[in-house]
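The following report describes a protein model with the structure and sequence at hand.

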Amino acid sequence: MTRTINRIAAVLAALATAAMGMAFLLLASSGVVPGASPAADERKQLLVAQAERAATVEGVFLDRYGDNITLPNEPGKAARAVHPEAYSYLLGYSSEIYGQSGLRARYQTAFGGGKDHVGPEIRLTIDSGMQQFAYDLLAGTEGSCVILDAETGEVLALTSRSDAELGLNLEQLDSAFQDYLKRDAFFLDRAVRVEDPPGSTFKLVTAAALIENGVSGFTCDDCTELRVGGTVIHNFGGAAYRSVDLKTALQNSVNVYFAKAGLELGAEKLADTARRFLYGVPIETDFGTFTSKFGLGERTGHLQLASTALGQGETATCPLHISMMMTAVLNRGVIMTPHVIDSISDDGKTSTTKPETASRAISAATAEELKRLLHNNALSYGFDESYGTVYAKTGTADTSRGNHVYILAGVEDVGGRKLAICLDQCNTTASSVILLPKMRSLLQFLQSY
Amino acid sequence: MDTNKALTILPAEPAAGGKRGIALQAAALKTAICKEYAALGAELRGGIRALNDREVRLHLAEDALFLLLCAALLAFMRGSVTELFLSALIPSLGIAAVLVLLSEAVWPGARAAAMTIAVLILIGFFLQSSLAAEREAPEMLGKFVLFSAIGIAFGLGLGLPLIRVFDDHLKPAPALRLLQTAAIGAYLLLLASPSVNGAHNWITLGGISLQLTELCKIEACLATGIVVRAASLSDRKRFTGLALVLAPHLLFLALCNELSTAIILAAVGVMMAGVFLRQGRRLVVACVLCALAAGCALLPCRAAYCKLHPAEEAAPAAAEASPLEHRLADVYEKIHMRVLAVTDEEQAGDFGYQQTQAKKARLLAGWFGSDSRVPLPVAESDFAFSYLILKMGLLTGILVLLLWCAMPLAAAASLRSARPAAMAMLTTMLLTNLASAASACGFIPVMGVGAGFLSCGGTQSLANFSMSLYLLSCSEERRIHDDKNH
C-alpha cells in the first residue's frame, strides 16, 4: 500500500512538473521577458503594431474643397471610398489580407492612430470633379490622366486605368482580388509607374535645347528619311518634307528633322537640357519618387542620339513627368515639384505643404518661344480659342506591347490657374490622333467647370 | 453506511451466462442503484444537518468571502465591472457555491479540492462573459451558464451515483461487461455519425449534440480501476486485462480521428499499470511495443496518403482507392498537417491558421492581458486557454495551470486510500487540461481538446462535473445522516 501511495505521489509530482515546464515554456515564448526569445520579441513588436492598427480608425482623405474622398469606418477597417474607382490607384487599397498601397500605405501607417486612435485627416490637392471626369474619359482604355497646376505644382487630377474591361474598385477588393490578380499589370499605376518612351512629346525638350543653344533657326532641307548607323529613320506615315523649320517640324512632328537636330546639337547639350527637364534625375514627391531613364552620355552613338532626340532610344518616362515638361512652358521655365498633399491634421496639429521648385529647366524667353510654337500646334489639332489659350503636343511611342500614345497640353486661365495636362493610352495599335477628341472633351469641361 | 472502500480484494464470482445471467445482472444493477441513491441521500441529509453547526457556517462564510474576493480581483483585472460581468458574477458564484457547500457540509475533507474547482469556475465564467461581450452575443454566456448548471445537476443526480455504483457496488465482471458494452455501443454510434473536419465525435439526439468520447473517458477510468483492483488475479493477468480494456478504446478513438483522447487514455493506462501493478519491466516493454505499433500503424496510413496524393508526374489514382484507404490517408494527413502547424506554419498554410492565431494571442497577451482583438477560432471551447491568456494575461494562465495541478493533488490528498478509478480520473482530467493548454499555445500538434471549466461544452460539462463530484465524494470524511437513528 505504501509503495502504491508513493507511486501515486510520484505520478502526480511528474504531472505537476510537466505543468510547471509548460508554464516556463509559455513565459519564455510569449515575449514578456525581453531577451528570452529574440524571435518572439521581434514577432511581438510586429503584432503590437498590427494590433495598434487594428484598433485605429483609418483617417479620412478630403479633396481640395474639403469634400470627403473617404468616409470613416470601424476600427481596423478600411475607410469607405466615396469614389471607389476614380481614386483607386492614387488613394490605394487598405486590406487586412492584401496590405496597403498608394497614399494609404504611405500616410495612414506612418501616422498610426495617435492618442485618440484615429488616423490623420489628409487634405489633398485633388479636385474631385476633375478626377472623376478624367477617370470617365479613360473608360474602355488603358491609360492615365494627369492635371497639374503649373505655378504651384499641385496635382489636380491623377487617375489611371490598367484594364480596358475592369476597373480597380476599392470597395470590392476582397471579393474581386483574385480576378484582379489574373489581369496582367492590373495594379500598375499608369500615371506614375509605367516606363515607356515619351515619343514625340520629347521633341519639346529637343526644341527647348535648340532654342536655349541658339540653334532655333536650324532647318532641314530634305526630311524624308535619315540613315544613321545602318538604321533608317522615317517620319510618321512615311511622309516626306522639304525645307522644314522648327515650327513646321513641331507642328508635323517630323522625326527626321529632330533626329538631325539632335545630331546637330550633340549629346552633351541635349543631355544637359534633358537633365534640367529632370530626365535621369530622381523626382521626389509626396506620393513617391520617380526617375525617368535617359541614356545619353559622352560616348553615345549617333543612332542613339538621333533616336533620343525624337523621343525613342533608351528614354523611358511616365505621364506625370511628361505633364511636368508642360509646366516649364507655362511657368516661365520653372518646373514645380508635384505634390498631392495639401495638409495633414493629426492630434490637433496641422502641417501644410509649401510649393517647391524642382528645376529651372529653361529661360523665360525660351518658355515664351515654346508657347508660341505649341500654341500653333494646338490650333492645328483643332483646339481653337473656344478652349482657351491652349498649347499642345502629341506623341506616339513604339513599345513591345504596341503603341503608347500621348497628348500633352497646357491651358491658361482655368479658374485663374495654368494647367498642364497629359492624357495617354497604352497598348494600342492606333496613333495619338485617337486622343484628340478626348482632349477636346476635357478642355471643354475645364472651361465650363 | 461507509461506502469509502479501500483497495480491496474482490472475490471472483461464479459465471452465470445466458438469460439467467442477464437477469441476475439486471437485478444486481437495480439493487446497486437503489443502494447508492440511498447512500447519497444519507450523505446529503447529513450535510443539511451539518449546516446547523456554527463552525460549518463559519467555514462557509470564509469560503464565500474568498470567492467574492477572487471575483472582485478578476473583475479588476478586466478593467471594469460591466453589466455583463455582473451577469456572470451571480451564476458563477452560485455554481461555485454549490461545490463549496457540498465540500463543507457533506464531504468536509475535500474543501481544498472544491475551492480550486470553484476558482476555476469563476475564471471560466468571466472568460466566457468577456467573449460574449466582445462578440456582442450575450446568449453565449447564457449557454455556458446553462451547461454548467446542467453539469452540476447531472453530476449530482446521475453521474456521481452511477460512477459509485460501478466502482463500489457491482461485482467486477458484470460491471466490466456492462461498461465495455456501453462504450463499444457509443463508439459504433459515433463511427456511424457524420464526420466534422474528419472527426466522428458527435451524435445528435433530439436536437442536442452529444460528444460521447467525453463520457467514454469516465467509462475507461472505471473499467481500468476495476481491472487493477482485482488483486485475486496475478499481475500478469491484470496487466493483460488492462490492455484488453483499453485496446478497443484506442482503436475506436483512432477510427473516430480522436487521436488526442486516444493518447491521453493510453497514458492513463500506462500510469495505472505503473502505479498499481508490480511488473515494472513488463510495463516498459509494453510501452516500447505500443510506440512501435503506433509507428507501424502510421506506415499504411502514409502509403494510403501517397497513393491518393501522388507526385505530379504520376497519374492520379484517387478513384481506385478503397474507403479504408481514404480513411487511413485522412488520418495521416491530419497528423502530418498538425505537426507542420506547430513546426512550420508556412507549409501548414490554411491548416495552421488556428495555431498562428493562438501564437499571436500569446505574444500580444503580456502579463495582465490585452485589449487586442485577435480572431481566435472556437475561442469559447478549443482555444479557451489561448483566449484566457489574451484577455487576462500570462499570470492568469499560469494561475490556471497551477489550479489544474492543485485540484488533483488536493483530491488525492483527501483520499484515505488509493482508489484506482479516482486516480485514473485525476490523471485524465489533468492530462486533458494540460493538452488543451499546450495545443492552445501551439506547443503540441493536437487540436479539439477542451479546457476543464473554461470551455463551453455540454457533454464536457457533464463529464467534468461528474468526475469532480466523484473525486470530492472520495474524501475520507463524510457526514452521513442515518434516518433510523434520528
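## Residues, sheets and chains

Phe202(A) counts as buried because its relative accessibility is 0%, where buried means under 20% relative accessible area, exposed means over 50% and partly exposed lies in between, with a 1.4 Å probe and protein chains only. The model is predicted: local features need pLDDT of at least 70, side-chain atom pairs count only at pLDDT 80 or more, and totals for chains, interfaces and linings use all residues. Residues are numbered from 1 along each chain as its sequence is written, chains are lettered from A and ligands numbered from 1 in the order in which they are written, and side-chain values use heavy atoms, with hydrogens and water left out.

Phe202(A) belongs to the loop between helix 6 (173–182) and helix 7 (203–212) of chain A. Helices (H or I, at least four residues) and strands (E, at least two) are DSSP runs, numbered from the N terminus. Leaving aside residues up to four places away in sequence, Phe202(A) touches Leu270(A), Ala274(A), Tyr279(A), Phe294(A), Thr308(A), Ala309(A), Gly311(A) and Thr315(A), contact being defined as heavy atoms within 4.5 Å. Between Phe202(A) and Ile322(A) the C-alpha to C-alpha distance is 8.1 Å, although 120 residues separate them in sequence.

Two threonines of chain B may be set beside this residue. Thr396(B) is placed in helix 14 (residues 384–413) of chain B. Thr396(B) counts as buried because its relative accessibility is 3%. A polar atom of the Thr396(B) side chain lies 2.8 Å from the backbone oxygen of Met392(B). With residues up to four places away in sequence not counted, Thr396(B) touches Met77(B) and Leu388(B). Thr31(B), in helix 1 (residues 18–50) of chain B, is partly exposed because its relative accessible area is 41%. Thr31(B) and Val165(B) are 134 residues apart in sequence, while their C-alpha atoms are 9.5 Å apart in space.

An open sheet of chain A contains five strands in the order 8-7-21-20-19, with antiparallel pairing. Strand pairing requires that DSSP finds at least two bridges between the two strands. At the edges are strand 8 (155–161) and strand 19 (390–399) of chain A, each of which pairs on one side only. On average, neighbouring strands of this sheet are turned by 10 degrees against each other, direction ignored. Axes are lines fitted to C-alpha atoms, for helices over the stretch in contact, and angles run from 0 to 180 degrees between N-to-C directions.

Strand 19 of chain A pairs with strand 20 (residues 402–414) of chain A in the antiparallel sense over 10 bridges. Within this pairing, Asp398(A) stands opposite Asn403(A) in strand 20 of chain A. Helix 13 (residues 364–381) of chain A packs on the sheet and touches strand 19 and strand 20 of chain A; the direction of helix 13 makes about 80 degrees with that of strand 19 of chain A. Helix 5 (residues 128–137) of chain A lies across strand 7 (143–149), strand 8 and strand 21 (417–428) of chain A, and runs at about 30 degrees to strand 8 of chain A.

Elsewhere in chain A, strand 10 (residues 225–228) and strand 11 (residues 231–234) form an antiparallel pair over four bridges. Leu226(A) stands opposite Ile233(A) in strand 11 of chain A. This hairpin has two residues between strand 10 and strand 11 of chain A, and Gly229(A) takes a positive phi near 55 degrees in it.

A contact between the chains involves helix 1 (residues 2–29) of chain A and helix 9 (residues 259–276) of chain B, whose axes come within 8 Å and cross at roughly 145 degrees. Chain A contributes Thr4(A), Arg7(A), Ile8(A) and Val11(A) from helix 1, and chain B contributes Met271(B), Gly274(B), Val275(B) and Phe276(B) from helix 9.

Among contacts with a separation of 6 or more, residues 24 or more positions apart account for 65% in chain A and for 74% in chain B.

Conventions
Polar contact = N/O pair within 3.5 Å; in protein donor to acceptor, adjacent residues only side chain to side chain.
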